[in-house]
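This report describes a structure in terms of its interface, its fold and its salt bridges. The sequence and model are shown first.

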Amino acid sequence: MNARRTLATAGRVLQQIRHDPRTIALLLVVPTLLIGLLAWIFVDTDVFQTIGPAMIALFPFIVMFLVTSIATLRERRSGTLERLLAMPLGRGDFILGYTLAFSLLAVAQASIAVTFAVWVCGLTIEGSIWLLLAVALADAILGTALGLLASAFARTEFQVVQFMPVLVFPQILLGGIFLPRDQLPPVLEAISDWLPLSHAIDALNAVAADSESAAWIWGQIAILGAFIVGAIVLGSITLRRRTP
Amino acid sequence: MNSAAPAVDIRNLQVRRGTTDVLHGLDLSIARGGVVGLLGPSGSGKTTLMRAIVGVQVVASGTVTVLGEPAGSVPLRHRVGYVTQSASVYDDLTVAQNIAYFSSVLGAPRSDIARVIDETDLTPFADRVVATLSGGQRSRVSLAAALLGAPELLVLDEPTVGLDPVLRVQLWELFHRLADAGTTLLVSSHVMDEATRCDRLLLMRDGAMLADDTPQALLGATGASDVEGAFLAIIASRGDVDADAAPPPARHGPGRRRHRHRRHARSVGER
C-alpha cells in the first residue's frame with residue numbers, strides 16, 4: 001500500500017467521472033428529486049417525517065453500490081485491472097482509491113440531499129446535522145465496499161445489476177422503513193440486527209428525533225465501519241493477480 | 001539483481017485453462033536483448049505463454065523465471081512491461097490522462113509521459129478521449145503505457161494488429177531501437193510477414209514450441225522461401241498433418257477473419 005498510488009487511483013476515478021457530466025448530474029440530483037417527490041406524496045401527513053431520515057440512508061447506499069460494482073466490473077473486463085496488478089499497484093491501493101473517490105461523491109450527494117430535505121421539504125432534524133452527514137457518508141462507503149465485493153462474483157453487467165435485489169433489497173425490506181424493526185416477526189428482527197443498513201437507518205432516525213446520545217450514534221457508525229472493513233477485506237481477497 | 005540471468009527461462013511449464021491443456025511441458029530460454037517473435041495460429045497458446053511470463057496466469061506446474069526472478073514477483077513489476085491483445089486503457093480518459101495515471105502507479109519520471117506519447121506517435125492525440133480514437137490508435141496508447149519506466153523486458157501481444165503499413169514499419173523501428181538500447185522484446189504475431197523483422201523466431205502450435213531459431217536459419221534448414229513455408233515444412237516433417245488437424249495454421253483457427261485479411265494482404269503488399 002502506498003499513498004501516492006492510492007491517491008493517483010482516486011484521482012483517476014474522479015477524472016473518469018468528470019468526463020461523464022450526465023452521470024454527475026444524475027448522481028447529485030436524482031436522490032434530491034426523489035426525496036422531494038416523497039415529501040410531496042405525504043404532504044398532508046407526518047409520514048415523511050417518519051421515513052425521510054431513512055431515505056437519506058438509502059440513496060447513497062444504493063447509488064454507490066451500483067456505480068462501484070459496474071465501474072470495477074469494467075476494470076476487470078477491459079483488462080485494465082490485469083495491467084494494474086501486473087504493475088506495482090497494491091490491491092489495497094486499488095480498493096482504497098475507489099473508496100476515496102466515491103466517498104467524495106457521496107459527501108456531495110448526501111449534502112445536497114440533506115440540505116434539500118431540511119430546507120425545502122421541511123424535514124425536522126432535532127439532532128446534529130453533522131452526525132446525520134457522518135451516517136450518510138458511512139452508508140455510502142458501505143455501498144462502495146459491497147459493490148466492490150459484488151463485482152467479484154459477476155461476469156457481466158447483467159449479473160452485477162442482479163446483485164442489487166440480492167444484497168440491497170432485503171436490507172431495505174428489513175431495515176425498519178416499512179415496519180419498525182421491533183414489530184417484525186422475531187426471526188426477521190434477529191436477521192435485521194445483522195444487516196448493516198438497519199444500523200444506518202436506526203442511527204438516522206435517532207439523529208432526526210434526537211432520541212439517543214451521540215456516543216450511541218457513533219456506536220452505530222462503528223458497526224457500519226466493521227461491515228465496511230469486512231467487505232473491503234473480502235473484496236481484496238477476490239482481486240487476484242493470477243487468473244486462470 | 002542478476003544481470004547475467006536470461007530474460008526468460010521456462011522449465012516444464014504446464015497450464016490448464018478450464019478442462020483443456022493449453023501448454024503441456026513447455027521449455028524455453030530467451031537471452032537478453034533483441035526482438036523475439038512468437039508466431040503461431042490463434043489458439044496455439046501464445047497469449048497463455050505471455051501471461052505466464054508476466055505472472056498473471058495461474059500455472060499448473062513448472063517454473064517461469066524472468067530476469068532472474070520468479071515471474072510475477074514484486075521486483076519484476078517495475079522491470080516488465082506488458083501489452084494485452086485488446087487495448088487495456090481507460091476509454092473515458094484522454095491519452096495523456098491514461099499515461100499520467102499509469103506513470104504515477106509505476107513511479108516513472110514525469111518526463112516519461114511525453115516521451116512514450118511521442119514514441120508511439122500519439123502527440124497530436126494527447127488530449128483526445130481514448131473512446132474517440134481508432135482501434136490502431138487505442139492499441140498504441142496501450143503500448144505507450146507499457147513503455148513507461150523503460151522496462152527491461154517488454155511482452156507485447158499482437159501490438160501491430162489493425163495498424164496501417166506506415167505505422168507498422170515505424171513500430172518495428174521503435175522495437176529495434178529499444179532492443180539496441182538493451183531491452184528484450186517478446187512480440188507475438190499471427191502475421192508471418194513480420195517474422196523477418198525479428199532477431200529470433202519462436203514457432204508455436206498446439207501449446208508446443210515447433211521451432212526456435214533465427215529467421216535465416218529457419219529458412220535455410222527448411223529450404224522454404226518464406227516463414228509460412230518454413231512453418232508448413234516443419235509441421236509436415238513432424239508428420240502430424242492429418243485430416244482433421246490444421247492445414248496451414250495461418251489459414252485456420254478461430255482467428256479466421258484476420259487470416260483471410262492477411263492472405264489478401266499478401267497479394268497487395270503489406271496491410
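## Interface between chain A and chain B

The contact (heavy atoms within 4.5 Å) takes 26 residues from chain A and 33 residues from chain B. The model is predicted: local features need pLDDT of at least 70 and side-chain atom pairs count only at pLDDT 80 or more, whereas totals for chains, interfaces and linings use all residues. Residues are numbered from 1 along each chain as its sequence is written, chains are lettered from A and ligands numbered from 1 in the order in which they are written, and side-chain values use heavy atoms, with hydrogens and water left out.

The size of an interface is often given as the accessible area lost when the parts come together. Here chain A and chain B bury about 2,700 Å² between them, with 53% of it on carbon and sulfur atoms; this is the accessible area (1.4 Å probe) that the two parts lose on being put together, summed over both.

Two salt bridges are counted between chain A and chain B, a salt bridge being a side-chain nitrogen of Lys or Arg within 4 Å of a carboxyl oxygen of Asp or Glu. In one salt bridge, the side chains of A:Arg74 and B:Asp92 meet at 3.0 Å, N to O.

On the side of chain A that touches chain B, the elements giving two or more residues are α1 (3-18), α3 (47-78) and α4 (80-86) of chain A; helices here are DSSP runs (H or I, at least four residues) and strands likewise (E, at least two), numbered from the N terminus. The largest share, eight residues, comes from α1(A).

## Chain B

Chain B has eight helices and ten strands. Of its 271 residues, 54% count as buried, where buried means under 20% relative accessible area, exposed over 50% and partly exposed in between (1.4 Å probe, protein chains only).

## Salt bridges within the chains

Over all chains the count comes to 16 salt bridges. In chain A, A:Arg181 forms a salt bridge with A:Asp202, the closest N and O atoms being 2.6 Å apart. A:Arg181 is buried at 12% relative accessible area, whereas A:Asp202 is partly exposed at 22%. A network of salt bridges links A:Arg181, A:Asp193 and A:Asp202.

In chain B, the side chains of B:Glu152 and B:Arg79 meet in a salt bridge (2.7 Å, N to O). B:Glu152 lies in the loop between α4 (135-147) and β7 (153-157) of chain B and B:Arg79 in the loop between β5 (69-70) and β6 (80-83), so the pair ties together parts 73 residues apart in sequence. B:Arg79 is buried at 7% relative accessibility, and B:Glu152 is partly exposed at 28%.
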